[in-house]
Amino acid sequence: MSLDGKDHVTPHQIGRRRLLQCVGAGGLTTVLAGCAGEEPEETDEDESLVYATTISPSTIDPMRASDNFENIYTVNVYDSLLNYTDESPPELAPGLAEDWEVGDDDQTYEFFLRDDATFHNGDPVTADDVVYSFERMLELQDGLSWMWADTIGPDSVTAADETTVEIETERTFAPFLFTLPYMPIVNESEIDANDEDWLEQNDAGSGPYELVEHEREERLVLQRSEDWWGDWPSDDLFDEVVLEIVPEEGTVTGMMGDESADITDEWLSVESYQELADLDHVFVSDEVTFSPLYVFMHTQREPLDDVNVRRAISYAVDYQQIVDDILLGNADQMQGPLPSEMWGHNDDVIQYEQDLERAQEYLDESDYDAEDIELTYTYVTGLTVTENIGLLLQTNLNELGIDLELEGAPWTRITDMVTSQDTTSDMHAIYLSFSYVDPDTFLYPAWHSDSHGSWESPAWYENEEVDQLLDDARTEIDVDQRTEYYEEVQEIIADDAPALFVVNEAELYGVNERVGGYVDNGLVGYSKAFWRLYEDR
Amino acid sequence: MSAIENWYHSESMENRKESARRIAYRFRQNPLSLVGLGIIVGLVFIAIFAPYIARHPQDAGYMGEPAVDFANRFAEPSLAHPFGTDQAGRDILSRVIFGTRYSLALGLFVLTFAIGIGVPVGLVAGYVGGFTGQVLMRITDIFLSVPPLVLALAVAVPLQPSLRNAMIAIAVVWWPWYARLVYGEVISVREEQFVEASRGIGASRIRIMFREILPNVLAPITVKFSLDMGYAILIGASLGFLGLGAQPPTPEWGTMIAEGRAYLPAQWWYSTFPGVAIFIAVLGFNLLGDGLRDVLDVEVD
């Protein structure tokens, strides 16, 4: 303990303060649940950037990365052929590929790799590694592999020479280039030489940061890679980035308060951001980008397989109260399945509002009796917004006589539940993530039947017409024609009500003022591009 | 012989009354146990009359009519809402009052189950002995070797999280303590003369176990029961806190603390008052249990 009156915080003090906070939160049980092993590693504070998040990753294998945290890790540790700029809306920038050419048929692409890129173990990045990365992604059929389903086949990607990659897609896929920032390039020889689990403790990338430590459910420590080919912003760089997993929301705000954390995630309660905004050394980023919240309804199970029941529920919800009182105005109600900020949004589709009479009419039309309907609503434990919406839904549905049970589950369990129809809950409150500037990014993973089994499609929606339209829109290059396809898709889906289209939320993050270069472009992973940040004090 | 055994074995009505009076007198001599008794009587009263005491019973989901009012969220403690309101604008005092029901029900269920299983197991193991006794007690030992909360967690995780399953998980953890306690007592009395005597006149094993031996074990069971009520409530709240017990919006104390901790420290009242309720309940049962232990003069650990 420091007795000399220094005003910096020693590790001991942090420990005690955090412990006291936790004890205050509810006695012994809290200490058990929240504080076990939560002591952050105290490093040279000036050079270490701490990102505090309440969510933990289920894997750090880059080809299995699918959710927010996993993609933050992947984009910072792995390079891809192309990159995204931090503008909003984001644009493509060179990555491992210095330059690229698109053939006249919109199906052949040529990428010219830079010759100064090396993996963290010193191996040069070659065209063969790129070929291998695509193969591994498609072989594992996990993570974001849905992006390239039916577009990239086994022979699509070839190495013309050491530094030239040729890709011939199996069909025209309009947003193809925009998906490439999500194809991490891995070191073939390193992965071949090790077993499956190796990637959970090590990285095989060439990105701006390398993994030095991974303690499950606790933290990931990344170190700046001196040999990275890219440009760093200025001299005051963060040599170390710590992704600290802090399950307690109160602890996150406490860490922001005593500056042992620099950036929060977007999953805290609205009240916590208000508290952070009141701190002198913290600003809250509140960019409205793309963070749409859906309550997916299991369309393959009784009674939600009946469109009338789904419509009745859609008309029972008090959307106004969600926007005004739960989110305190930091959101817009959705109109149909696509956020209205995205191009191609159909302004004519039905926007549900609370209308209990109409809800009752639909319920009367259905084959089910409201008294017999019992549903389960599953949300991510700790995501207070979705929990509160669940409480409101419970009250709203009760007016129709429908029983709703709430169930909180950790994110890792939810990603597990949605892999099969039997274990998927009746209703899942889930935010879709934004990965490329194209309506496809929200529509395909959630509503195409090929995407079933991922956390983005817990509605198990089956509609051949929608499948066809989504496929057509992918293979069409003409933007007007694509817009038409997407408008039709939105109309069918909005009408079918396979989900409650709740709100598009402003994404809130607390950021310490000392962090310079912070821009939220809304992209999953890329909105936390740590290599753009520097110390600004 | 302890007081309660005296009372049970007393032949005449007069003697029984006399012993009961002595127990009551010694109990009164200890003011702390009276406080404990007062707390528990109060809790039981609150649990039974919750719908009449609570000002906003619908906020606790009474009669299956949940009510939320997000416009009135996080009102500070005031006359209208002495414990404040939570994130859904519900009156925390009303919810804490209804929480009494869940906690007492949980404690009662767990201990009824634990006694129902543990006592016969202990009796049989102690009286019959031999191979059967060894097997029963070794199984008991296996359960006892894992800390109760950890074992309850292990049982609760594979089940769907709900209040009922939390009760089952805790009950599964609890019975071995009673088996162990009863076993020890049985061993110490099974060679006594009155047992020998009833064996001599041809009493059945069942009769000997339940009529002759069991009354000697009643005192420690009673004491352990009242002490354990507190612990069972605490473990039930812990499971609720960890998300493995009652689910929101059930106004179970542990669940409420867990919900409120996202809003600490600014909305301190959300987690604090359910925590105080747990504290009072556990304290009440502990004081009563301690008092009973002194009066009945038994050792339960």
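Two residues are in contact here if their C-beta atoms, placed from the backbone, lie within 7 Å. The model shown in these close-ups is predicted.

**View 1. The contact between chain A and chain B.** Chain B puts 29 residues into the contact, and chain A puts in 29 residues. On the side of chain B that touches chain A, the elements giving two or more residues are α10 (205-241), α11 (253-260) and α12 (268-296) of chain B. The largest share comes from α10(B), with three residues. Sorted by class, this side of chain B holds 18 nonpolar, eight polar and three charged residues.

**View 2. The open sheet of chain A.** Four strands make up this sheet, in the order β4-β5-β7-β6. Their pairing is antiparallel. β4 (97-102) and β6 (157-161) of chain A are at the edges. Each has a single partner strand, so one side of each has no neighbour in the sheet. On average, neighbouring strands are turned by 25° against each other, direction ignored.

**View 3. The pairing of β5 and β7 in chain A.** Strand β5 (residues 108-113) and strand β7 (residues 164-168) of chain A run in the antiparallel sense. Five bridges join the pair. F112(A) is opposite T164(A), a residue of β7(A).

**View 4. Helix α4 on the sheet of chain A.** Helix α4 (residues 127-140) of chain A packs on the sheet. The strands that α4 touches are β5, β6 and β7 of chain A. The direction of α4 makes about 175° with that of β6(A).

How values were computed: Residues numbered from 1 in each chain as written. Chains lettered and ligands numbered in written order. Predicted model: local features only at pLDDT ≥ 70, side-chain atom pairs only at ≥ 80, totals over all residues. Pairing = 2+ DSSP bridges. Axes fitted to C-alpha atoms, helices over the stretch in contact; angles between N-to-C directions. Nonpolar A, V, L, I, M, F, W, Y, C, P; charged D, E, K, R; others polar.
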